[in-house]
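Let's take a friendly walk through this model together. Have the sequence and the coordinates open as you read.

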Amino acid sequence: MAEDTDDPPPGEFLARRAAGSEAVEVTGSAPPELVRVLGDAVGRQPGRFDTDAGDDHPVRVLVAHRPDGSRWAVAADLAPLRQRQGQLGIALLVAELAGLAGALVAATLLARRAVAPLATALTLQRRFVADASHELRTPLTVLHTRAQLLARRSRTQPAAQLTDQLDQLVADTRSLGDVVDDLLVSAAAEHQPPPATAVDLAEVAREVVATMEAYAQERKVELRVETFGEAPVRGARTSLRRAVTALVDNAIGHVAAGGHVTVTVRRSADRVAVEVDDDGVGLDPAEADGLFDRFAHGSAGTGRRFGLGLALVQQVARAHHGAIEVTGTPGQGATFNLLLPTGSGVQELRKKPAIS
C-alpha cells in the first residue's frame, strides 16, 4: 500500500525500483548493510526470506511486484520479535517450574495426610506400651519379690504363720489389677468416644466410697460422701468410676492418720461437679501446671496424685466434654473438681441430701 519509501511503519524499511529503471529507492534511515540487502531483494522473485543485516541483526524481507511494473521490498526488524519470544520462553519455563513445584507440594501434603492415621495409630500404640511398662514395673517387682520371700519361708515356717504374707500378696495382685484397669481405661478414653449411656454420678460416687472405705479405715482416714439427689451425665460408667476412684485414691494417699476426705456431688443447670476434698499435705501451686502430665511425681504423699491417675482423670473428663480443676495450698489440703455436662435419661430422684 506504500506510495513511496519515506514513511514506513516503525521497525520496517522499504525499497522501490520503478518499471524500466535500474535505480533503487531505499528508506533514508536504513543502515548501509540493510540498503544492500534491500537492493538485492528487489531483483528477486516475489516471496519472503530471512537474512542478517550485519552485526547479528536479523531481518525478514518480503518482495512483491505491482501491476504497474514496480518492484518493492520491505524489511522488518526481527530483534523485538526474538526478544519477545525469549521472554515468552522464560515465562513458560517459570510457569512449568511453578506447576511442577505445586504438584510436588500437593503430592507431599496428600501423602502426609494419607499416612497421618497410621502415624497416629503407631504413636498411640507406643504411648500405651510406654505407659504399661512404666506403671507395671514397680508393682511387678514388688509382687515378684514378695512371692520369692513367701516361697522361701514356706519351706521353714508353718502355713499358719504365712497368712499375713499371703494377704499382702493378694493385696499386691489387686493393686496390679488396678494399674491394668487404669491403663485400659486411659487407652480407650484417648481415641474412642465414650458410649452415650445415662450414668448417675451420685450413685457412682457412693459406690466408689463404699469400695474404698476399707482402705481408708486401714490408713485411719475418715472417708465421707455427700450427694444431693441425682446427678445424670452421659458417657461410659466404667471410665467415670475409674476417674472418681483415682481421685479418691490420690486423696487418701495424701492424708495423714486422723485426716478426712470428702466426696461431694452437686448438680447445677448445665453441669455436674464431683468434688474430692482432703485436709492432707496439699500441693505446691508451682506444680499445678504439670499436675496432669503422665508420670509426673509430686514431692509428698504416697498415693498416685502425680502419676498416671490424674492423667487418666483428665482424659476421661475430656472424652466426656468436661474438665478437671484443682486448688490447694501446701500443708492445707487440696480440692479436685471433676466437671461434666449434665445429661438426661436418669430418672429424677427426690432432692434429699444423702450423707455417709
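## Surface and burial

Accessible areas come from the Shrake-Rupley method with a 1.4 Å probe, and for residues only the protein chains shown count as cover. On that basis the chain exposes about 20,500 Å², with carbon and sulfur atoms supplying 56% of it. Of its 356 residues, 35% count as buried (buried is under 20% relative accessible area, exposed over 50%, partly exposed in between).

This is a predicted model: local features need pLDDT of at least 70, side-chain atom pairs count only at pLDDT 80 or more, and totals for chains, interfaces and linings use all residues. Residues are numbered from 1 along each chain as its sequence is written, and side-chain values use heavy atoms, leaving out hydrogens and water.

## Helices and strands

The chain has 6 helices and 13 strands (DSSP runs numbered from the N terminus: helices are H or I with at least four residues, strands E with at least two). Helix H5 covers residues 237–253. Because 14 of its 17 residues are buried, H5 is largely enclosed by the rest of the structure.

## Two loop residues

Lys220 sits in the loop between helix H4 (201–218) and strand E7 (222–228). Although not a glycine, Lys220 has a positive phi of about 60°, and at 61% relative accessibility this residue counts as exposed.

His321 belongs to the loop between helix H6 (308–319) and strand E11 (323–328). His321 is not a glycine, yet has a positive phi of about 60°; its relative accessibility of 71% counts as exposed.

Terms used: Buried means under 20% relative accessible area, exposed over 50%, partly exposed in between (1.4 Å probe, protein chains only). The expected span of a helix is 1.5 Å times one less than its number of residues.
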